Amino acid sequence: MTTRDDILLTAGDAELTVQAGNGCRAGSLRIGGTEVLRPGDHYGSFPMVPWCGRTENGRFKNGAREHELPVNDPPHAIHGTVRDSAWRTAHRTDSQASFTYDLVDPWPYKGRVTQVFELTEDALTIRLGVETYDDSFPAQAGWHPWFLRRLTEDGPDVTLDFDAAWQEERGADHLPTGRRVDPRPGPWDDCFGMPDGVDVTLTWPGQLELQVTSSAQWAVIYDEQPEAVCVEPQTGPPNGLNTLPRLVTPIEPLETATTWTWRRL
């Protein structure tokens, strides 16, 4: 289902639908007529801003000031505040579009988020930026794509290939414990450190290969659902507002990018 807020970008036989009114998520990516993202209002691929993953008990500090966020994944706050909000379309062409969103309550600081999509015949590049109007604040940015486990009903399961320098040890509360361990076999709902940048290859044997790269240095891999798998580039680990804060200042915005490159097999 499409709405008047949806933007369709095309390049060759690639088609991307951006749902500006639904968190500025990529609601659909079709390559040669084949859908690669899980459809649905809460799926596709959505931006995670101004934090990624879980924030412990919905609380974080900025210096001496403590703030509370809505606990939408009890007992934690998860995936930021922008994924269910309407964004403004700033510019578009046949293959490119840019969008903006002004941070508002329940995020306690004023600022602006920008997201830019650039589609070519064999790649999609997405850029995220977070800037502040006034006070500096800690923030994270990233994406949460839901890639279909199978591209066709009777097709093969996707495989994941990546190298990570470490895995963030996950506690019973689903937050990193602070220990870095050697990467462990899946299934995963885990964060991996990739200091040279995220680089994960998804392969649907005999059908498609898609490489996810990013300037970000962490990726959460989630493959515990039968319908889809997630490869989530992000600028810090879960609970990073508390454990590894990256300040957005009036002279230093937070900027990151990801590229998905594909080829048919």
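**Figure 1. Secondary structure and overall dimensions of the predicted model.** Buried residues make up 53% of the 265 residues. Of the contacts with a separation of 6 or more, 62% are accounted for by residues 24 or more positions apart.

**Figure 2. The nonpolar cores.** The largest nonpolar core has 62 residues. Within this core, the residues with the most contacts are Phe 117, Phe 147, Trp 260 and Trp 262. Leaving aside residues up to four places away in sequence, Trp 262 touches a series of residues that includes Ala 14, Leu 29, Ile 31, Leu 119, Leu 124, Leu 208 and Leu 210. Glu 121, Asp 122 and Glu 209 are also among the residues that Trp 262 touches. Another core, of seven residues, lies apart from the largest one, and among its members are Phe 46, Met 48, Tyr 222 and Cys 230.

Figure 3. The whole structure contains 14 aromatic pairs. In one of them, the ring centres of Phe 60 and Trp 107 are 5.1 Å apart and the ring planes are at 5 degrees, so the pair is stacked. Phe 60 belongs to strand β7 (residues 59–62), while Trp 107 lies in the loop between β11 (96–103) and β12 (111–119), so the pair ties together parts that are 47 residues apart in sequence. Both Phe 60 and Trp 107 are buried. Ring pairs also link these two residues with Trp 51, Tyr 109 and Phe 137 in a cluster.

**Figure 4. Charged side chains over aromatic rings.** The charged end of Arg 38 sits over the ring of Tyr 43, at 3.8 Å from the ring centre. The charged end of Arg 180 sits over the ring of Trp 166, at 3.7 Å from the ring centre.

Figure 5. Val 181 is part of strand β18, which covers residues 176–181. Is this residue, Val 181, buried or exposed? Its relative accessible area is 10%, under the 20% limit, so Val 181 is buried. When residues up to four places away in sequence are not counted, Val 181 touches Trp 166, Gln 167 and Glu 169. Val 104 is 77 residues from Val 181 in sequence, and the C-alpha atoms of these two residues are 37 Å apart in space.

**Figure 6. Cysteine residues without disulfides.** A disulfide is a covalent bond between the sulfur atoms of two cysteines. How many disulfides does a search of the whole structure find? The search finds zero. Cys 24 is in no disulfide, and the nearest cysteine sulfur, that of Cys 52, is 15 Å away. With a relative accessibility of 0%, Cys 24 counts as buried. Cys 191 is likewise in no disulfide; the nearest cysteine sulfur to Cys 191 is that of Cys 52, 9.4 Å away. Cys 191 has a relative accessibility of 4% and counts as buried.

Methods
Residues numbered from 1 in each chain as written. Predicted model: local features only at pLDDT ≥ 70, side-chain atom pairs only at ≥ 80, totals over all residues. Heavy atoms only, no water. Helix = DSSP H or I, 4+ residues; strand = E, 2+ residues; numbered from the N terminus. Buried < 20%, exposed > 50% of the residue type's maximum accessible area, 1.4 Å probe, protein only. Contact = heavy atoms within 4.5 Å. Phe/Tyr/Trp six-rings, centres within 6.5 Å; stacked < 30°, edge-to-face > 60°. Lys NZ or Arg CZ within 6 Å of the ring centre and 35° of its normal. Core = buried A, V, L, I, M, F, W, Y, C linked by side-chain atoms within 4.5 Å. Disulfide = S-S within 2.5 Å.
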